[in-house]
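Dear colleague,

I am passing on a structure for you to look over, and my notes on it come after the structure itself.

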Amino acid sequence: MVIGPNGEQMGNKKLEDALTLANYAGLDLVLMNGGDNPVGKIMDYNKYRYEKQKKTKEAQKKQRESNKEVKEYRLSVNIDIHDFETRAKNALNYLEKGHKVKASIKFKGREMAHTDLGKDVLMKFAQRLEEYSTIETQPKLEGRMMNMLLAPKK
């Protein structure tokens, strides 16, 4: 079975006849489907290959965009200034790459009575990164963990 350059069906042809038709058109004869009833199409093979590569690259790009990673940074209620700045700087680098950042605090022992201090630390972290990110999920307490999700600004 041979398919013409404009998509029209030219019927069953011998291989030599199909190659002659492709030569006349200045194109290639490409086997699209082998098997019992092979299907050949007359087309520009280089253009076909280029379009196929373009489609796969676009699909990979979309897949990468949907698979953005989430990096978690653990803070504590009584975190030191230097540690806080280091984590903020690392989170900033990660946000610039287009990934999301999850900031979390685990409360230990009597710290559970002062969850507001943990929320203050998370809000300070978000405020430090507000130029590059927006708060996607507000700080929320789940058991002994308080989490907040930051997404990069568009």
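This is a predicted model: local features need pLDDT of at least 70, side-chain atom pairs count only at pLDDT 80 or more; totals for chains, interfaces and linings use all residues.

On the α3 side the contact is made by Phe 84, Glu 85, Arg 87, Ala 88 and Ala 91, which meet Val 121, Lys 124, Phe 125 and Arg 128 of α4. Sorted by class, this contact of α3 with α4 has five nonpolar and four charged residues, with no polar ones.

The next residue is Asn 147, which is found in strand β8, residues 145-152. Its relative accessible area is 13%, and because buried means under 20%, Asn 147 counts as buried. The side chain of Asn 147 makes a polar contact, at 3.4 Å, with the side chain of Glu 142. If neighbours within four places in sequence are left aside, Asn 147 is in contact with Lys 102, Ala 103, Ser 104, Leu 122, Gln 138, Pro 139, Lys 140 and Glu 142.

Lastly, Ala 25 is found in helix α1, which spans residues 15-25, and with a relative accessibility of 42% Ala 25 counts as partly exposed. Ala 25 and Met 43 are 18 residues apart in sequence, while their C-alpha atoms are 8.9 Å apart in space.

Notes: Residues are numbered from 1 along each chain as its sequence is written. Side-chain values use heavy atoms; hydrogens and water are left out. Contact means heavy atoms within 4.5 Å. Helices (H or I, at least four residues) and strands (E, at least two) are DSSP runs, numbered from the N terminus. Ala, Val, Leu, Ile, Met, Phe, Trp, Tyr, Cys and Pro count as nonpolar, Asp, Glu, Lys and Arg as charged, and the others, Gly among them, as polar. Buried means under 20% relative accessible area, exposed over 50%, partly exposed in between (1.4 Å probe, protein chains only). A polar contact is a pair of N or O atoms within 3.5 Å; within protein, one must be able to donate a hydrogen and the other to accept it, and residues adjacent in sequence count only if both atoms are side-chain atoms.
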